[in-house]
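Subject: Structure for you to look at

Dear colleague,

Here is the structure I said I would pass on. My notes on it follow below the display.

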Amino acid sequence: LTREHTILANKSLALILCAVWLLGFCVLLFRFARQYRKAIRSVEHYAEPWDERTNTLLKQVQQQTRRTIKVQGYIATSVESAFGIGVIHKRIILPDKDYTEAELHYVLLHEYTHFLNHDTVVKLLVTLFCIIFWWNPVVYLLQKDLEQNLEIKCDLSVARTLCSKERAAYLRTILALMKQSDRKHRIPFAAAALFRTNADAAIKERFETVMACSANRRNRVASAVFTSVFTVLLIASYMVLPQPQFAAPKSTEPQAIDFNSDTAYIKQDHVWEYWLCIQNEQPIKIKKEEADFYQQTGLEVVKE
């Protein structure tokens, strides 16, 4: 009776914990879906498609990156920083500001590179991961570090397509647009923004990373060669397993007979029977399977 009561108590506790997890999962998933849908609807209802000049610059960006994906562009008055949003239907949202042609080019290049790197997909998957494991506070550190890591990755991808002067102009554009953003604004976590307000330390880290990026082709070739050699050595290390070589120990079992290819052989007689012939011992009749095994170990098969 006591055992049955313990089992029932454990089942009740497990059901309660599952119910709590499911409730938290549903609440967080519903809240995220509502916020995400609200952001998409705001773009569809309150933003306007951008002009032909911006479309022309986007085509130049696509030619520069040599990769073409379908992106819709909008102008919105309620945002202070450009950002990209969407996984299937990709959209770049620009604030209603007067950009110079160079500034607009770099803004589009940055947001377009986010889509090339699939950053919005990564953010969405991380968000869903945090929703599933909402009870673990450690998972929320992913969101904290992911934002900066993706921005640095995007900046480096852009920097590799630019020369030194263009990288400096790219950084000046980010800095100038950041100074113009004098009020806070909320951007969905699933969106990829050019920058976020109150992030001076993060912006400084991005600047230092971009300026340290070398456009020297030799460095890239050396890195590729080093990576290739390391990969080949890693694969080769699993193909060869060095082992020490030593003679097999003699058997300590009573009536055991030690033999090898020098002192024994297999004899096959005229009736296809197999005999194990050991030096100074009487022949021992064995089965064909045993004969095949001994042959694989190096014993010679002699036919009469």
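In this predicted model, Arg 66 has a relative accessibility of 78% and therefore counts as exposed, the cut-off being over 50%. Arg 66 sits in the loop that runs between helix H2 (52-65) and strand E2 (72-76). Its phi is near 60 degrees, which is a positive value in a residue other than glycine. Most residues other than glycine have a negative phi.

A positive phi of about 60 degrees is also found at His 118, again not a glycine. His 118 belongs to the loop between H3 and H4. With a relative accessible area of 47%, His 118 is partly exposed.

Overall make-up

The protein chain contains nine helices and nine strands. Of its 304 residues, 33% are buried.

Helix packing around H5

Helix H5 (residues 140-159) packs against helix H3 (residues 101-116) at an angle of about 115 degrees, and the two axes are 9 Å apart. H3 and H5 are therefore roughly perpendicular to each other, a class that covers 65 to 115 degrees. Their crossing is right-handed. On the H3 side the contact is made by Leu 109, His 110, Thr 113 and His 114. On the H5 side it involves Leu 150, Glu 151, Cys 154, Asp 155, Ser 157 and Val 158. By type, the residues of this contact between H3 and H5 are four nonpolar, four polar and two charged.

H5 also packs with helix H4 (residues 119-132): the axes of H4 and H5 come within 10 Å and cross at roughly 175 degrees. Angles over 145 degrees count as roughly antiparallel, so H4 and H5 are roughly antiparallel to each other. H4 contributes Asp 119, Val 122, Lys 123, Val 126, Thr 127, Phe 129 and Cys 130 to the contact. The H5 residues in it are Tyr 140, Leu 142, Gln 143, Leu 146, Glu 147, Leu 150, Lys 153 and Cys 154. The residues of the contact of H4 with H5 divide into nine nonpolar, two polar and four charged.

Aromatic pairs

Searching the whole structure gives six aromatic pairs. A pair of this kind is described by the distance of the ring centres and the angle of the planes. For Phe 129 and Phe 133 the ring centres are 4.8 Å apart and the planes lie at 45 degrees, so the pair is tilted. Phe 129 is partly exposed, at a relative accessible area of 36%, and Phe 133 is partly exposed as well, at 31%. Ring pairs join Phe 129, Phe 133 and Trp 135 into a cluster.

Two pairs of residues separated in sequence

Thr 100 and Thr 173 are 73 residues apart in sequence, and their C-alpha atoms are 9.7 Å apart in space. Thr 100 is in the loop between strand E4 (91-95) and H3. Its relative accessible area is 43%, so Thr 100 is partly exposed. Thr 173, in helix H6 (residues 164-180), has a relative accessible area of 8%; that is under 20%, so Thr 173 is buried. Apart from neighbours within four places in sequence, Thr 173 is in contact with Glu 103, Tyr 106 and Val 107.

The second pair is Glu 44 and Tyr 74, which are 30 residues apart along the chain and have their C-alpha atoms separated by 8.8 Å. Glu 44 is part of helix H1 (residues 2-46) and, at 37% relative accessibility, counts as partly exposed. Neighbours within four places in sequence aside, Glu 44 is in contact with Arg 37 and Arg 91.

Regards

Technical notes:
Residues are numbered from 1 along each chain as its sequence is written. This is a predicted model: local features need pLDDT of at least 70, side-chain atom pairs count only at pLDDT 80 or more; totals for chains, interfaces and linings use all residues. Side-chain values use heavy atoms; hydrogens and water are left out. Axes are lines fitted to C-alpha atoms, for helices over the stretch in contact, and angles run from 0 to 180 degrees between N-to-C directions. Helices (H or I, at least four residues) and strands (E, at least two) are DSSP runs, numbered from the N terminus. Angles under 35 degrees count as roughly parallel, over 145 as roughly antiparallel, 65 to 115 as roughly perpendicular and the rest as oblique. A crossing is left-handed if the near helix is turned anticlockwise from the far one by less than a right angle, and right-handed if clockwise. Contact means heavy atoms within 4.5 Å. Ala, Val, Leu, Ile, Met, Phe, Trp, Tyr, Cys and Pro count as nonpolar, Asp, Glu, Lys and Arg as charged, and the others, Gly among them, as polar. Rings of Phe, Tyr and Trp (its six-membered ring) pair if their centres lie within 6.5 Å; planes under 30 degrees apart count as stacked, over 60 as edge-to-face and the rest as tilted. Buried means under 20% relative accessible area, exposed over 50%, partly exposed in between (1.4 Å probe, protein chains only).
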